[in-house]
Amino acid sequence: MTDWDLLLTDAEREIFLALREDYQRDNFIRRFWKVRDPFLTTARNEFRDLWQERVAAARKEYGDLASERARMTLTFGVPSRRRPMICSELLRPLEVWEYDGGNERIRGFFTLVFIGLA
């Protein structure tokens, strides 16, 4: 699994897996990133750069991309604050993530809560 595999639609995955030649897969990957580029007039692909930063942050913090916290890092970025705590009502560990300025998907302050972390 590649780090960009998490972004593939079912249709894209089916097409990619059907490709037999390296040059076909290379072209697919180039197109995959191009259609996600928010600013085609710039030299860089800002979405790809952002994705790669988030992948690096998630891997550094969680070791891989499989956990929910890693996936939320990929989706929303690194939070402004993380607050681990124990919920006395649930008797389970919690982690509260706060985002001060929002991100490219959500404007303004928002919070994520992870319950029952291992």
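Trainee: At what angle do helix α3 and helix α4 pack, and how far apart are their axes?

Mentor: α3 (residues 46-62) and α4 (residues 68-76) pack at about 155°, with axes 8 Å apart. An axis is a line fitted to C-alpha atoms, for helices over the stretch in contact, and angles run from 0 to 180 degrees between N-to-C directions. This is a predicted model, in which local features need pLDDT of at least 70 and side-chain atom pairs count only at pLDDT 80 or more, while totals for chains, interfaces and linings use all residues. Residues are numbered from 1 along each chain as its sequence is written, and side-chain values use heavy atoms, leaving out hydrogens and water.

Trainee: What makes α3 and α4 roughly antiparallel?

Mentor: Their angle is about 155°, and angles over 145 degrees count as roughly antiparallel (under 35 roughly parallel, 65 to 115 roughly perpendicular, the rest oblique). α3 and α4 are therefore roughly antiparallel.

Trainee: Which residues of α3 and α4 make the contact?

Mentor: With contact meaning heavy atoms within 4.5 Å, α3 contributes Trp51, Arg54, Val55, Ala57, Ala58 and Tyr62, and α4 contributes Arg69, Ala70, Thr73, Leu74, Thr75 and Phe76.

Trainee: Which residues of α4 are called buried, and what covers them?

Mentor: Buried means under 20% relative accessible area (exposed over 50%, partly exposed in between; 1.4 Å probe, protein chains only). In α4, Ala70, Thr73, Leu74 and Phe76 are buried. Their cover includes α3, β2 (92-99) and β3 (110-115). After α4 comes Gly77, with a positive phi near 90°.

Trainee: How do you know how α1 runs relative to α2?

Mentor: The axes of α1 (residues 10-18) and α2 (residues 22-34) come within 9 Å and cross at roughly 160°. That makes α1 roughly antiparallel to α2. Glu12, Ile15 and Phe16 of α1 make the contact with Arg25, Phe28, Ile29 and Phe32 of α2.

Trainee: How many helices and strands does the protein chain have?

Mentor: There are four helices and three strands, in the pattern α-α-α-α-β-β-β along the sequence. Both are DSSP runs numbered from the N terminus (helices H or I, at least four residues; strands E, at least two).

Trainee: Why is the protein chain called more spread out than a compact globule?

Mentor: The radius of gyration is taken over C-alpha atoms, and the globule rule is 2.2 Å times the number of residues to the power 0.38. For 118 residues the rule gives 13 Å, and the chain has 17 Å, well over that, so it is more spread out than a compact globule. The C-alpha trace spans about 55 × 30 × 25 Å along its principal axes, and buried residues make up 31% of the 118 residues.
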